[in-house]
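Welcome! Let's look together at how two chains meet, one question at a time.

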Amino acid sequence: MENLSSEQTQFEFLAIPQIQKNFAELNIELLRGKTILADSIGLYGLLEEYKDEFENYYLRLYGLELKKRVHDSMGYFYLDFVESSKGRLSSSSNLYHELDPRHTIVGFIIANLYLSTYFNAEKKFSWEELKYEVENGELKDAYQNLFFKEKRSEYSTKEWSEVKKEINTVLNFFDRMRIIEKEETEGEINFIILPSIYRFIELYKNEIENAKTFLADKSISE
Amino acid sequence: MSKQLISSVEKFHDVYTELFPESLEAMVLYCLYQEIKDSTSKEFDFSVIKSAIHEVENLEFIKRSRNIQNERLFKKLLNGFVERVTGQSHKFYLTTHAERVIEIVLQRIDNPYLKFPLKDTFESFFSLPENLDNDIDKLERWHRLNFINTSQQVVLSHLEALKMGVDYAVAELNKVLDTDALTAMQMLEHFSLNFQTLGDKARQVGEAIVMKDRVYYRLKSTVNVYMERSEGLTNESLRDSQYNYEQLDAEYKRARHIREDISSFFTRIDNQLTIINKRIAFASNKITELQESLSAKSHYKVSIKKILIYLLNNSNWGKPSALLPDNFPAKYTVRDQFRFYALRQWDLGFLKKGIPFRHTIDPAYELEQRNRFERELKQQQKIRDYTNVILEQVNKENRVDLSNQLMEIADQNASAEMAVLSGHEVIRQINSHTKINVERRLISDATNTFHLWKISLQNKHSSNS
């Protein structure tokens with residue numbers, strides 16, 4: 001077998017005590033789809049130091065690509081599929097998780113919010129602010145059309161609390177992926193959008209870069 | 001709301017509406033203010049008022065909205081904002097109150113604090129007077145008049161102005177990504193300078209604050225003097241019989257309170273400055289970044305917004321789940337759901353461990369059983385042999401006297417049982433071509449204990465021979 005020695009050494013990093021101590025946590029987090037941001041000092045540091053080894057590990061054994069990105073001076077790592085494959089575990093489609101339509105919609109909402117506050121040091125938002133946007137913001141007609149199916153001057157508390165609950169569920173999803181940092185106290189929802197929102201934006205890179213043609217196909221009116 | 005609160009809110013409302021002019025009147029007052037600003041006489045006659053009203057009326061954004069009635073407006077102005085000069089019924093002047101209201105607005109527009117060098121202000125306000133050690137009242141006066149009323153206000157105003165400046169600039173900056181590339185570049189240039197100024201201002205505030213250390217330490221030592229005195233550690237107290245412990249202690253406490261108040265003020269300032277500096281730094285960095293990649297970022301933002309609008313207008317938010325518009329691609333993420341299963345250990349208590357024990361072997365019984373099995377096996381073997389012989393005979397000779405055969409078997413084995421079993425077996429195995437004839441004639445065995453009807457087997461397709 002050729003390259004036997006390099007085959008042997010490429011996984012040797014797993015014997016390093018520091019890696020052994022943190023590997024379980026790191027591996028599970030990454031496979032769960034979480035983003036490891038620069039502020040998780042320990043895990044991020046490990047990934048930085050052994051970047052090549054980890055990349056190789058995930059590519060060889062899982063058929064997944066360990067990606068590193070830096071946006072807004074914050075670096076982060078996450079696992080993604082190699083171009084068009086589904087990874088090695090395609091039969092157990094556990095790993096291949098299709099984004100829920102609601103996740104997609106809210107993802108775009110969050111991305112838009114993030115870029116609208118490009119110059120703010122902290123992209124911090126609350127449910128109240130979202131509600132305000134829906135009621136009075138620039139895109140209020142579109143938002144109201146989506147959430148309530150009709151335009152009215154007011155919506156009932158019950159309608160609002162349903163929408164709030166639904167959006168909160170999606171926000172929890174993005175919080176688990178560490179794309180936002182959410183905190184909820186006594187019904188008050190606050191969240192900070194992290195630079196890892198670019199993960200979502202990258203998913204739709206082609207569509208965004210070719211927005212004109214993409215949208216023209218769908219013959220929409222603006 | 002409690003009844004008390006309701007009535008005090010009503011009262012508040014009444015006074016408030018008197019104190020502050022409505023926007024129309026305010027604009028007229030502002031025009032008047034500008035008129036008299038540069039002239040020596042602060043008086044004006046009715047015609048000036050009239051023309052001010054006229055000017056405001058003719059403003060574009062006013063014209064469309066309402067009808068203005070001069071008389072009413074004038075009456076409102078007279079209600080606390082404009083007054084007649086005593087003795088001269090045709091001359092008017094702006095009240096101090098009106099001037100104050102206008103100046104509040106003007107300060108917002110053009111904050112003077114942003115222009116004054118902060119450090120000088122600080123130096124003059126924050127210097128402690130002499131001889132505070134012995135005069136607690138003087139210290140308190142300084143604290144109240146100089147510190148709280150003046151210096152604190154000045155610094156807080158500076159900070160407030162600075163913070164608002166930064167926030168406003170950031171909000172304006174966020175619009176940059178919405179404009180076309182060329183305008184955006186210009187805007188960025190402008191903002192770049194703007195933030196530099198803001199940064200300088202922040203630095204000034206920071207430098208001025210450094211002075212606080214001097215003040216703070218001086219205060220600290222002053223307070224220490226009071227403390228030591230109250231604890232009888234200095235000669236003064238022993239010398240001067242006027243002082244008693246309680247008084248000294250009270251003075252010490254007052255001094256300490258002042259020191260703590262100032263200390264917490266400075267901490268507050270530090271915190272605010274840190275936040276402001278952070279925001280300025282971030283925005284400045286972004287400006288530089290953006291200048292390098294403007295068109296790309298702007299295009300991105302605009303595209304994302306377009307796609308968002310499309311999604312909002314064409315999706316179904318739906319319950320329990322939403323629907324994307326047709327042909328809108330769904331994307332995939334890596335997301336494994338790790339589940340670790342652990343079976344619970346139920347301790348049911350009554351499950352006992354089985355203790356294996358050995359059977360004792362009974363050799364006699366074993367032998368007896370073995371023999372029995374052997375006999376039975378042999379018997380079956382015999383039956384099979386008899387059956388085969390008889391069946392062969394049927395095939396060969398086409399006719400067999402079964403009952404005779406069976407009698408022979410009975411005789412040979414001295415057992416009717418063998419005969420019967422063999423007979424059963426034969427009957428069981430014969431094929432459909434064989435006919436069974438039964439005659440009502442008894443055949444018996446040798447011992448005359450076993451009787452059978454005469455049975456013969458005959459192959460059907462053969463002719464009777």
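This is a predicted model: local features need pLDDT of at least 70, side-chain atom pairs count only at pLDDT 80 or more; totals for chains, interfaces and linings use all residues.

Q: How much area is buried between chain B and chain A?
A: The contact involves 52 residues of chain B and 61 residues of chain A. Carbon and sulfur atoms give 67% of the buried area. The total is about 5800 Å².

Q: Which three residues supply more of the area that chain B buries against chain A than any other three?
A: Together they supply 17% of the area that chain B buries there. They are B:W317, B:V334 and B:R335.

Q: Which side chain of chain A meets B:K331 in a salt bridge?
A: Between the two chains, the count is three salt bridges. In one of them, B:K331 comes 3.3 Å, N to O, from its partner, inside the 4 Å cut-off for a salt bridge. That partner is A:E207.

Q: Which element gives the largest share of the side of chain B that touches chain A?
A: Elements of chain B that give two or more residues to this side are helix 8 (136-173), helix 11 (245-314) and strand 4 (332-334). The largest share is 23 residues. Those residues come from helix 11 of chain B.

Q: How many nonpolar residues does the side of chain B that touches chain A have?
A: This side has eleven polar and twelve charged residues. Its nonpolar residues number 29.

How values were computed
Residues are numbered from 1 along each chain as its sequence is written. Chains are lettered from A and ligands numbered from 1 in the order in which they are written. Side-chain values use heavy atoms; hydrogens and water are left out. Contact means heavy atoms within 4.5 Å. Buried area is the accessible area (1.4 Å probe) that two parts lose on being put together, summed over both. Helices (H or I, at least four residues) and strands (E, at least two) are DSSP runs, numbered from the N terminus. Ala, Val, Leu, Ile, Met, Phe, Trp, Tyr, Cys and Pro count as nonpolar, Asp, Glu, Lys and Arg as charged, and the others, Gly among them, as polar.
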